[in-house]
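Have the structure open alongside as you read.

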Amino acid sequence: MDKKLRIGIIGCGGIANGKHMPSLKELSRVEMVAFCDIIEERAVKAAKEYGTEDAKVYTDYKELLKDETIDVVHVCTPNRSHSFITVDALEAGKHVMCEKPMAKTYEEAKKMLEAAKRTGKKLSIGYQNRQKPENRFAKDVCMSGELGEIYYAKALAIRRRAVPTWGVFLNEYEQGGGPLIDIGTHALDLTLWMMNNYEPKMVVGNTFRKLADQKNCGNAWGDWDPEKFTVEDSAFGYIVMKNGAVVNLESSWALNFPDPHEATFMLCGTEGGIDTLDGARINTVKNGRQTIEKANCKAGGVAFYDGNSTSASVLDMAQWIDAVIEDHDPCVLPEQALCVTRILEAIYTSAKTGKPVYFDD
């Protein structure tokens, strides 16, 4: 295919500048031709830095969607607007990569999936951690059956004091929640993907806002404003799957916890276990002895170049663009991301009501 995919970016803030646009710039088969942001200066800056010479700038995403030459849209806006922008983009005939999480609520996420099915356009969600070498290795181990039946897991997204103080991260209306929906979503996505289990039965959850009113808090990005801190600072979920498997999800931006882990997991099966708490480690029994084997994921592997430090974000964008051009499924299916959103929402609901949430289907 000689023609380059023409991409429009909707939302030119932190995640667009930190992940989407620099990663897309590394790919030879795409060109960014349109940029939209409610703050025009951000769209102008993005167009100058990442766009083609004739790249267009918009402040209304609906005007961008009228451009029939745009093939793909990346939605990089706050969580509140993921659903309706994605649905509009799909209806306008664009393939869509939407930043994680899929949406604030399960109902909003369902509308996105339904629109993708209705239009026949591809939809994927930005869970780039699947492309990290230790996670690709772990996925291969899980698929091989080496662990046996995986019946217990931990999904970990624990920061000690690393509350994002910029943008709308602390705004419940715009984001739908705090660390659970922000970084807990990555850990849960990885864990369910490893288990290949997307059938939840029941969820119990708790959320806490215990440290948000503190000052001189030792935060990695400086003190937060307690008055703007309208979301939880930590959240925990206990998830029971229909086959009886259990997942413990732990997430925090601020927790008096000495050993932070982000976007990591631990899986326990009948024949062995694997975790990514310190690289990719397999634990099992050999010749009657307990053993732990650690994979060298620094270089090599089918999907990686020896000695090349290509980021997970670039690899994620590459597989997504390949899926559009070659017309096959992307790594992250919308049905999988929908399940993640459904569980996250159930944890928040359980925390508010003090009751378990059961899934009927």
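## Cysteines

How many disulfides are there? The count comes to 0 disulfides, taking a disulfide as a pair of cysteine sulfur atoms within 2.5 Å. As a reminder, a disulfide is a covalent bond between the sulfur atoms of two cysteines. Take Cys-268: its closest cysteine sulfur is in Cys-142, 11 Å off, so that is too far for a bond. Cys-297 is in no disulfide either, with the sulfur of Cys-142 again the nearest cysteine sulfur, at 13 Å.

Are these two buried or exposed? Cys-268 has 25% relative accessibility and counts as partly exposed, while Cys-297, at 19%, is buried. Here buried means under 20% relative accessible area, exposed means over 50%, and partly exposed is in between (1.4 Å probe, protein chains only).

## Where the numbers come from

This is a predicted model, so local features need pLDDT of at least 70 and side-chain atom pairs count only at pLDDT 80 or more, while totals for chains, interfaces and linings use all residues. Residues are numbered from 1 along each chain as its sequence is written, and side-chain values use heavy atoms, with hydrogens and water left out.

## The largest pocket

The largest pocket holds about 1100 Å³ of space. It has 45 lining residues, and those closest to its centre are Gly-14, Ile-15, Cys-76, Thr-77 and Pro-78. A pocket here is an open set of points on a 1 Å grid over the protein atoms alone, where a 1.4 Å probe fits, with protein on both sides within 12 Å along at least five of seven lines; lining residues have an atom within 4 Å of a point. Points are joined across faces, edges and corners, and the volume is the space filled by probe spheres set on them.

Elements giving at least two lining residues each include α1 (14-25), α4 (82-91) and β11 (261-269). Helix α8 gives the largest share, 4 residues. Helices (H or I, at least four residues) and strands (E, at least two) are DSSP runs numbered from the N terminus. By class, the lining has 20 nonpolar, 13 polar and 12 charged residues. In that scheme, Ala, Val, Leu, Ile, Met, Phe, Trp, Tyr, Cys and Pro are nonpolar, Asp, Glu, Lys and Arg are charged, and the others, Gly among them, are polar.

## The second pocket

The second largest pocket has about 270 Å³ of space. Among its 13 lining residues, Glu-172, Gly-176, Gly-177, Tyr-348 and Lys-352 lie nearest the centre. Helix α10 (residues 334-353) brings the largest share, 5 residues. The lining splits into 3 nonpolar, 5 polar and 5 charged residues.

## Nonpolar cores

The largest nonpolar core has 81 residues, and those with the most contacts inside it include Leu-64, Leu-188 and Leu-267. Helix α8 supplies the largest share of this core, 10 residues. Apart from it lies another core, of 25 residues, with Leu-5, Val-30, Cys-76 and Ile-325 among them. A nonpolar core is a set of buried Ala, Val, Leu, Ile, Met, Phe, Trp, Tyr and Cys residues joined through side-chain atoms within 4.5 Å.

Leaving out residues up to four places away in sequence, Leu-267 touches Cys-142, Tyr-152 and Met-194, among others. Contact means heavy atoms within 4.5 Å.

## Two more residues

Ser-251 is in strand β10 (residues 246-252) and is buried, at 0% relative accessibility. Val-44, in helix α2 (residues 40-50), is partly exposed at 28%.
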